[in-house]
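My notes follow in the order I looked things up.

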2 protein chains.
Amino acid sequence: MADLARIAGVSTSTVSRALTGHPRVNPETRLRIEALARSLDYSINSTAAALRSGINQTIAVVVPYEPGARQSLTDAFFLGLIGSLADVLTERGYQMLLVRTDAGELPGAGLLVRTGKAAGLVVIGQWHQHAQLNALAAQGIPLRGWGARLEGQRYCTVGSDNLQGGRLATAHLLRSGRRRVAFIGDVSLPEVEQRYQGYLAAHRTLHVPADPALKLTEPFLPAGGLDAAQRLLALPSRCDAVFACSDVLAMALISALSAQRVRVPEEIAVVGYDDVQLAAYFSPPLDTVRQSVQAGAAALVDALLARLAGTTPPSRLLPTELIARGSVRAEPSRSAH
Amino acid sequence: MADLARIAGVSTSTVSRALTGHPRVNPETRLRIEALARSLDYSINSTAAALRSGINQTIAVVVPYEPGARQSLTDAFFLGLIGSLADVLTERGYQMLLVRTDAGELPGAGLLVRTGKAAGLVVIGQWHQHAQLNALAAQGIPLRGWGARLEGQRYCTVGSDNLQGGRLATAHLLRSGRRRVAFIGDVSLPEVEQRYQGYLAAHRTLHVPADPALKLTEPFLPAGGLDAAQRLLALPSRCDAVFACSDVLAMALISALSAQRVRVPEEIAVVGYDDVQLAAYFSPPLDTVRQSVQAGAAALVDALLARLAGTTPPSRLLPTELIARGSVRAEPSRSAH
DNA sequence: CCGCATGATGCAATCGATTGCAAATCGCGC
DNA sequence: GCGCGATTTGCAATCGATTGCATCATGCGG
């Protein structure tokens, strides 16, 4: 910048003001400087600018992995959410830092803000780190998380209405005449627990008893779906429907069932969760509870930006929507049997 | 840092040296300063450090969107690649900036490096921006791209061996006895064109004539698969196999075919490309050409870091692998019919 | 007891911008 | 021709570290 100033015959102050769009510069000086900058292809060093002005337009999206297990980031729903976050942040004029960290080291993510790398944090993922997030929030780190709203929460979250989602899915199955609905998911995760509560609520509302033996704990991985199929088929009294807590789980389950020549939806109806892109093209096309990644990403970003601007909006629950396609009741136009 | 120095009774030089692990500090002074820093929970401002030292440990991953069309980032393969890139970069001690930009503005991505936001670029995505990438590379921007190797390329790419992939997929279909194999993909994309060349090569090798009428141009979107199904079924002389250039395309196609009561693989065999996570759980389980996102991400990062270190390794072609499951020949244990 | 090698620390310049305040310039009316 | 307000521009301090070089303390041999 000093060079540029010398060549242009002005001071660096003027160059700085010209290039940052400061109003107190002579318009023609600005034009001259801009042209010169372009011809030298010079552009402002953003590190120095950030240091001096204290303004930071980058947000860190933190995706913890389970402590120890360095499993890679593959979850279809979260990947989609990351894609949408990138889009939304770009649109809002922010940069996105994508950060993987051990869930046990989550408090260390606070450094991203304290060291000035990011203005705030969006935490994404399946985790049990309620307390750690609270600690971060207590340190004053601007923070928004995707997930359930919990008791004693000092940070603010955005998530879909899991209770409603669980209720919708389960009611859909019960209303189609199913009576023994299995639940697959890891209820140690708050979001899943809430879906399970929805599952129970639907049973209560429709006066159908829920059999605790049909609650299967499985991780959010394809292997969980395969395992669930084994366990369901080994049950003394078989189920006639399954509510799986993610589409990936549901698809892996259906795949394992059809390998065992169990027909879906005729013998066992299945509802998933997330509405990932491929759910519509599965066969049978998957009935699922949609949580919109676009809406979720936008809500997360807006909430964080609001926090950075000083306001403190409450946690938000995004509505969920049941998408009926063909894994509960075969649609006449699609059924291949 | 000045405060910390005052409290510790030393100069900021010493604090800096203690905290960055400089050897010329008394070990016990260092311990004292580290303890103090921890108790005040102070940590080095990385913006200032980066400014002064000129060291930048962040890499920008750039994902262009088609000019004008602000379509959101949903491609399963690229999302998976992004996830793996995040993992690999973290492991190598780098931060990852995820950047969306209009493909027409790609040269602007050079600013990320010139302004000091990132040390180098990884460009990901389906694009026609050969010339623009060349321009970036000519400006001296450290750059690696995912994709095909092209004539006159001044930047270096990492990609899977599309020619081999196309050949593997097509030969697999022809060897299963199919004689009319359709090709679905957008050959204006270099990677797809190479897969098409592989498709032709396989026909030549196996002495089967390739019918140009079976080459359908479709974009990499589920809608492309649906459209392809319509067009294939409307053909005067039907095909008995399809090589689809992505798994998403293949799944959407199969979904549309079964809605029309065309059975896969009995009537039409299908091979996809990518081996996305859900391909194995589709029904029928999808035969596909695997490109490993982990290997791809690692190769991209290593190539870029090598470039940053001054060496210039050549472009790399990663091997592809055919995964046979059940969409060409039904596997006995899995067939549900 | 002195000189010197060695290791630890401090001084001050520096990275590349931004910005409050002062100074310079300009135009215009009296 | 002078004074004054409004614009433009420049000076210099500042953001928070890093680092070459000088200085200081220490221990040890002579």
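**Salt bridges.** I searched the whole structure and found 22 salt bridges over all chains. A salt bridge here is a side-chain nitrogen of Lys or Arg within 4 Å of a carboxyl oxygen of Asp or Glu. This is a predicted model, so I kept its cut-offs in view: local features need pLDDT of at least 70, side-chain atom pairs count only at pLDDT 80 or more, and totals for chains, interfaces and linings use all residues. Residues are numbered from 1 along each chain as its sequence is written, chains are lettered from A and ligands numbered from 1 in the order written, and side-chain values use heavy atoms, with hydrogens and water left out.

I started with A:Arg6 and A:Asp3, whose side chains meet in a salt bridge at 2.7 Å, N to O. They sit three residues apart in helix α1 (residues 2-8) of chain A, so about one helical turn separates them. Helices (H or I, at least four residues) and strands (E, at least two) are DSSP runs, numbered from the N terminus. A:Arg6 is exposed at 60% relative accessibility, and A:Asp3 is partly exposed at 47%. My cut-offs: buried is under 20% relative accessible area, exposed is over 50%, partly exposed is in between (1.4 Å probe, protein chains only).

Next I took A:Arg231 and A:Glu218, a salt bridge with its closest N and O atoms 2.9 Å apart. This pair links distant parts of the chain, 13 residues apart: A:Arg231 is in helix α10 (residues 222-233) of chain A, and A:Glu218 is in the loop between β7 (215-216) and α10. A:Arg231 is partly exposed at 32%, while A:Glu218 is buried at 4%.

I also noted a network of salt bridges linking A:Asp275, A:Arg290, A:Glu321 and A:Arg325.

**Between the chains.** How many salt bridges join chain B and chain A? I count two. One is B:Asp87 with A:Arg100, at 2.5 Å, N to O. A:Asp87 also forms one with B:Arg100, the closest N and O atoms being 2.5 Å apart. That pair crosses from helix α5 (residues 76-91) of chain A to strand β2 of chain B. Both A:Asp87 and B:Arg100 are buried.

I then sized the interface. In contact (heavy atoms within 4.5 Å) are 54 residues of chain B and 54 residues of chain A. The two chains bury about 5100 Å² between them, 55% of it on carbon and sulfur atoms. Buried area is the accessible area (1.4 Å probe) that two parts lose on being put together, summed over both.

Strand β2 (residues 95-102) of chain A runs antiparallel to β2(B), joined by three bridges. Strands pair if DSSP finds at least two bridges between them. A:Met96 stands opposite B:Leu98.

**Strand β8 of chain B.** I checked which way its residues point. B:Ala241 and B:Phe243 point one way, B:Val242 and B:Ala244 the other, and all are buried. β8(B) pairs in the parallel sense with strand β6 (residues 181-184) over four bridges, with B:Ala182 opposite B:Val242. Strand β9 (residues 269-274) also pairs with β8(B) in the parallel sense, over three bridges.

Beyond its neighbours within four places in sequence, A:Ile254 contacts residues including A:Val264, A:Val270 and A:Phe282.
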